[in-house]
Amino acid sequence: EVWLDTVEKIGESERHIVGLVLSKAKRPDEAVPDDFQNVGTLVRMHHPMRSDGKIQFIAEGMKRFRIVKWISDEAPYLVQVEYPAEPRQQGKDEIRAYAIAIINTIKELVPLNPLYSEELKFFLNRFSPNDPSLLTDFAASLTTATAEQLQQVLEAFNLRRRMEKVLVLIKKELEVARLQSQIREQVEEKMTKKQREFFLREQLKEIQKELGLAKDDRTADVERFKERLAKLKLTDAGQ
């Protein structure tokens, strides 16, 4: 609710541009300028919907920015920003090697989780995989990294350094996905084994009944109790 005025202000503008910045505050209504990171993402806001004091909208990421100066220190916040350009990259072969490593890791992730496949299709339909900067940011979005780790990626304007960070994160994601897959297979194998044993036992009961080798549950219970009683020494009162 604390952001409603801000979003309404943005809705009144022509371009619907807003900056998204990670906050360290535990509660949104307690956030002050010192709680915000210096680097954020410029986004275009689409289809804002207000319901029960909450707002939902689609954020189309556009570029990174760095906060230079706070103009308003209370909501709706206003800041002066700069848009640092990515440093000119040296070592194109190294960048290409990192890009290939990231792509190969994504390829290994796809069979382990259908979600990765859908995300990849969406990316390929909108962007070129030949752009290493976009590819790196996309790969970071596939991970379950912490907010702090993703903030470090966001702040890495140097592409090679950013690719290095993201490759570590996505490799870790692959390890977790493989482990989850192994656990799932083990659980399914145990369940299948128990189900198979259950069906075999049921089939054996039916076969024994057909051959007259088995009695129904009621008859079996009566005979079992008779056997127990025969072993007991009953008193006169018990008899």
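Predicted model: local features only at pLDDT ≥ 70, side-chain atom pairs only at ≥ 80, totals over all residues.
Leaving out residues up to four places away in sequence, valine 153 touches Arg64, Ala140, Arg162, Lys165, Val166 and Leu169. Alanine 85 stands 68 residues away along the chain from valine 153, and the C-alpha atoms of the two are separated by 15 Å.

Four strands form an open sheet in the order 1-2-3-4, and their pairing is antiparallel. At the edges are strand 1 (17-20) and strand 4 (78-82), each of which pairs on one side only. Neighbouring strands of the sheet are turned by 60° against each other on average, with direction ignored.

Strand 1 pairs with strand 2 (residues 39-51) over four bridges in the antiparallel sense, and within this pairing glycine 19 stands opposite leucine 42 of strand 2. Helix 1 (residues 4-12) packs on the sheet, where it touches strand 1, strand 2 and strand 3 (54-72), and its direction makes about 95° with that of strand 2.

## Nonpolar cores

The largest nonpolar core has 23 residues, of which Ile102, Ile106, Met163 and Ile170 touch the most other members. Helix 2 (92-109), helix 3 (114-126), helix 4 (132-141) and helix 6 (159-210) each supply at least two residues of this core, and the largest share, eight residues, comes from helix 6.

Methionine 163 is in contact with Ile95, Tyr98, Ala99, Ile102, Pro132 and Thr136, when its neighbours within four places in sequence are left aside.

## Aromatic pairs and a charge over a ring

The structure holds four aromatic pairs. In one of them, phenylalanine 36 and tyrosine 77 have ring centres 5.5 Å apart and planes at 70°, so the pair is edge-to-face. Phenylalanine 36 belongs to the loop between strand 1 and strand 2, and tyrosine 77 to the loop between strand 3 and strand 4, 41 residues apart. Both residues are buried, and together with Trp70 they form one aromatic cluster.

Phenylalanine 123 and phenylalanine 138 form a stacked pair, with 4.3 Å centre to centre and 15° between the planes. Phenylalanine 123 lies in helix 3 and phenylalanine 138 in helix 4, so this pair ties together parts that are 15 residues apart in sequence. Phenylalanine 123 counts as buried at 3% relative accessibility, as does phenylalanine 138 at 8%. Elsewhere, lysine 63 lies over the face of tyrosine 83, at 5.0 Å from the ring centre.

Note on methods
Residues numbered from 1 in each chain as written. Heavy atoms only, no water. Pairing = 2+ DSSP bridges. Axes fitted to C-alpha atoms, helices over the stretch in contact; angles between N-to-C directions. Contact = heavy atoms within 4.5 Å. Core = buried A, V, L, I, M, F, W, Y, C linked by side-chain atoms within 4.5 Å. Buried < 20%, exposed > 50% of the residue type's maximum accessible area, 1.4 Å probe, protein only. Phe/Tyr/Trp six-rings, centres within 6.5 Å; stacked < 30°, edge-to-face > 60°. Lys NZ or Arg CZ within 6 Å of the ring centre and 35° of its normal.
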